[in-house]
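Colleague: Hi! Could you walk me through this one while I have it open?
Modeller: Happy to, ask away.

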Amino acid sequence: MWEYTAAAVVVVAAVVLFELRVLRTGLLGTRAYWIALAICYAFMIAVNGWLTKLTAPVVLYDANATTGWRFPWDIPVEDYLFGFALLTLAMLLWDAAAPRQREVADAKVTNVTVSSSPREPARGAPS
């Protein structure tokens with residue numbers, strides 16, 4: 001009973017624990033993350049609402065595997081949980097990979113020396 005719901009809750013917990021214990025990117029505490037998630041959910045609601053509408057469903061769910069809670073437009077609540085887990089994991093992995101790329105770029109930049117004083121002419125060169 002409620003296998004889909006249980007799996008959704010476990011996946012959300014696993015992604016959050018993965019962030020807190022392993023990756024530690026701090027992404028979940030940023031405003032940009034929550035704005036990005038809201039944008040993704042807006043599109044998810046439009047598409048998922050059409051796919052799961054009870055009047056003419058494209059996707060069917062076993063009533064015994066879910067809570068049966070649906071909102072808005074007949075979207076199962078479990079879809080929001082799986083959506084959270086998938087979107088968050090993708091963003092966390094992307095963010096975790098980014099610092100390595102920035103460190104490489106920073107290392108290249110730090111090797112460049114910029115002088116604000118005028119260059120002295122080379123020996124023997126006309127001035």
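Modeller: One term before we start: helices here are DSSP runs of H or I with at least four residues, numbered from the N terminus. By that definition, Thr 52 is found in helix 2. Please also keep in mind that this is a predicted model.

Colleague: Thanks! How many helices and strands are there in the protein?
Modeller: The protein has three helices and zero strands. Following the sequence, the pattern reads α-α-α.

Colleague: And what does the pLDDT average over the protein?
Modeller: The average is 86, and 77% of the residues score at least 70.

Colleague: Which elements have the lowest and the highest mean pLDDT?
Modeller: Helix 3 has the lowest mean, 83, while helix 1 has the highest, 96.

Colleague: What is Thr 52 in contact with, leaving aside neighbours within four places in sequence?
Modeller: Thr 52 is in contact with Val 59, Tyr 61, Arg 70, Trp 73, Asp 74, Ile 75, Pro 76 and Asp 79.

Colleague: Where is Asp 74 found?
Modeller: Asp 74 is in the loop between helix 2 and helix 3. With a relative accessible area of 24%, Asp 74 is partly exposed.

Colleague: What about phi of Asp 74?
Modeller: Phi of Asp 74 is near 65 degrees, a positive value in a residue other than glycine. Trp 73 also has a positive phi, about 50 degrees, and is not a glycine either. For background, most residues other than glycine have a negative phi.

Colleague: Good to know. Is Trp 73 buried or exposed?
Modeller: Trp 73 counts as exposed, at 58% relative accessibility. Trp 73 is found in the loop between helix 2 and helix 3.

Colleague: Switching to aromatics. How many aromatic pairs does the count come to?
Modeller: The count comes to six aromatic pairs. One of them is Tyr 4 with Tyr 61, a tilted pair with 5.6 Å centre to centre and 55 degrees between the planes.

Colleague: Which parts does the pair of Tyr 4 and Tyr 61 tie together?
Modeller: Tyr 4 lies in helix 1, and Tyr 61 is in the loop between helix 2 (31-52) and helix 3 (77-110), so the pair ties together parts that are 57 residues apart in sequence. Tyr 4 counts as partly exposed at 26% relative accessibility, and Tyr 61 is partly exposed too, with 24%.

Colleague: Which pair is edge-to-face?
Modeller: Tyr 33 and Trp 34 make one: their ring centres are 4.7 Å apart and their planes are at 75 degrees, so the pair is edge-to-face. Tyr 33 counts as buried at 1% relative accessibility, whereas Trp 34 is partly exposed with a relative accessible area of 44%.

Colleague: Which residues form one aromatic cluster?
Modeller: Tyr 4, Tyr 61 and Phe 82 do.

Colleague: Now the other loop. What does Thr 25 touch, not counting residues up to four places away in sequence?
Modeller: Thr 25 touches Glu 19, Leu 92, Asp 95 and Ala 96. Thr 25 has its place in the loop between helix 1 and helix 2, and it counts as partly exposed at 24% relative accessibility.

Colleague: How are the C-alpha atoms of Thr 25 and Ala 96 separated?
Modeller: They are separated by 6.2 Å, although the two residues are 71 apart along the chain. Across the protein, 69% of the contacts between residues at least 6 apart in sequence join residues at least 24 apart.

Colleague: Last topic, the surface. Which residues form a nonpolar patch?
Modeller: Phe 18, Val 22 and Leu 93, with about 250 Å² of accessible area together. Val 22 lies in helix 1 (residues 3-23) and is exposed, with a relative accessible area of 54%.

Colleague: And what does the accessible surface of the protein come to?
Modeller: About 9,400 Å², of which 67% belongs to carbon and sulfur atoms. Buried residues make up 24% of the 127 residues.

Terms used:
Residues are numbered from 1 along each chain as its sequence is written. This is a predicted model: local features need pLDDT of at least 70, side-chain atom pairs count only at pLDDT 80 or more; totals for chains, interfaces and linings use all residues. Side-chain values use heavy atoms; hydrogens and water are left out. Helices (H or I, at least four residues) and strands (E, at least two) are DSSP runs, numbered from the N terminus. Buried means under 20% relative accessible area, exposed over 50%, partly exposed in between (1.4 Å probe, protein chains only). Contact means heavy atoms within 4.5 Å. Accessible areas come from the Shrake-Rupley method with a 1.4 Å probe; for residues, only the protein chains shown count as cover. Patches are made of residues with over 30% relative accessible area and no salt bridge: like charges are joined within 9 Å, nonpolar side chains (Val, Leu, Ile, Met, Phe, Trp, Tyr) within 5 Å. A salt bridge is a side-chain nitrogen of Lys or Arg within 4 Å of a carboxyl oxygen of Asp or Glu. Rings of Phe, Tyr and Trp (its six-membered ring) pair if their centres lie within 6.5 Å; planes under 30 degrees apart count as stacked, over 60 as edge-to-face and the rest as tilted. pLDDT is the predictor's confidence in each residue, from 0 to 100.
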